Structure formats: structure tokens, C-alpha cells
Amino acid sequence: MSDHGQAYAIWLMPAEDDAGLFSALIDELARRLGTPAFPPHATLCSGAWRGSLSDLKTKVDGIAHQCVAPRVAAAGLGGDDSRFHFFYLALKRDGLAHITRLAERALPSSHRPNVGPHISLIYCEDIEAVDRQKLMRELTPRLPSLIAFGRLALVLPDGNDWHDIENWRSIHQIPFNG
């Protein structure tokens, strides 16, 4: 762990049917566009943890035990020119209000994604490589209007380096209560 703590993220993992759909789509886009593949997820929050990993897992468990599995409406495709927000399916904030409050109370030094809740579909730094408008027209009919989430995952990047996608590790997963 560095002097600044262990970098972590808490991910909302899509339920089985939605996970399969998003995983196949992310893999298809990665092959087609030469971008990295990654597990489908919506980042609930992230930060740097200075305590024990056991304590962090306990915090994640506490959040999951206080929530039923959320179902969140899609808010449309979007993106910006940053690597991790290059192209994503935005989610409506109101569907995650309860779990967001719980995470803020349990992990007050964490932060939410600055683009709001979303499921990334492409990570990319080359903004000229992909026609996002064309992808929006192509993918909109293929995406669900409501996404079910089944569990939380605690994810750590080896060496505190989020840019090394192949070395992200899910070290703990817990289903939602009910």
C-alpha cells in the first residue's frame, strides 16, 4: 500500500442476464475497435483506503446488506474525451439514490464518477479512432432500458495503477440483500 492508501473502487455488477449482454457487447466493441475489454460494471464510488482490506470488505458488505438489488433506468449513450468515460450508457441517478447515500456514509472520503452513474462500453484515448455518433445510432436499439444489478464488487488495481486494466482485481463480491 502506498503512503496515499490503497486505490479501490466499488462496482455495481449487472445481474446475470444483463451481465451477459453487456459483456458480449464490450467484447465485440473491443475486438472491432482494438480497445481493451473489461468486466461490465457501474462504479458506485472509488477512493484510497488507509485501513485494512478486511475493514473495507466489511464496509462493502454493510452497503450490500442494506439494499435490495437495484434496477436502474438507462438515460442514453454518452461519452467524453477521457479514457474511462470515452463511451458509456448513462444511468438515471434516482435509481441509485439510496445505495449512493449508503456508500457516502460508509466511505465518506470516496467519490462518485464525475460523469454520473454509467456502464462504460469503450475505454479509449484516441478520440479520432471511433465515430461515437455512428455507434450511438447502431447500439441504441440493442441496449436495455432497465438494467438490473445483482451484487457489489470491491476492485483493486495492482500497484494503485488504474490505467493497467489487465491488472484490476475483484477481491470481494457480495450479493444485495433480497
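A pocket is found on a 1 Å grid over the protein atoms alone: it is an open set of points where a 1.4 Å probe fits, with protein on both sides within 12 Å along at least five of seven lines, and its lining residues have an atom within 4 Å of a point.

The model is predicted, so local features need pLDDT of at least 70 and side-chain atom pairs count only at pLDDT 80 or more, while totals for chains, interfaces and linings use all residues. Residues are numbered from 1 along each chain as its sequence is written, and side-chain values use heavy atoms, with hydrogens and water left out.

**Exercise 1. Describe the lining of the largest pocket.**

Step 1. The lining consists of 18 residues, of which Thr-43, Ser-46, Phe-84, His-85 and Pro-113 lie nearest the centre of the pocket.

Step 2. By class, the lining residues comprise 8 nonpolar, 9 polar and 1 charged. Here Ala, Val, Leu, Ile, Met, Phe, Trp, Tyr, Cys and Pro count as nonpolar, Asp, Glu, Lys and Arg as charged, and the others, Gly among them, as polar.

Step 3. Strands are DSSP runs of E with at least two residues, and helices are runs of H or I with at least four, numbered from the N terminus. β2 gives the most to the lining, with 3 residues.

**Exercise 2. Determine how Phe-38 and Tyr-123 are paired.**

Step 1. Rings of Phe, Tyr and Trp (its six-membered ring) pair if their centres lie within 6.5 Å; planes under 30 degrees apart count as stacked, over 60 as edge-to-face and the rest as tilted. The structure holds 6 aromatic pairs.

Step 2. Phe-38 and Tyr-123 are stacked, at 3.8 Å centre to centre and with 15 degrees between the planes.

Step 3. Phe-38 belongs to the loop between α1 (16-33) and β2 (42-49), and Tyr-123 to the loop between β5 (118-122) and α4 (132-139), so the pair ties together parts 85 residues apart in sequence.

Step 4. Buried means under 20% relative accessible area, exposed over 50%, and partly exposed in between (1.4 Å probe, protein chains only). Phe-38 is buried at 5%, and Tyr-123 is buried at 4%.

**Exercise 3. Identify how Tyr-123 and Trp-168 are paired, and the cluster that holds them.**

Step 1. Tyr-123 and Trp-168 are edge-to-face, with 5.8 Å between centres and 65 degrees between planes.

Step 2. Trp-168 is buried, with a relative accessible area of 14%.

Step 3. Both residues belong to one aromatic cluster, formed by Trp-11, Phe-38, Phe-84, Tyr-123, Trp-162 and Trp-168.
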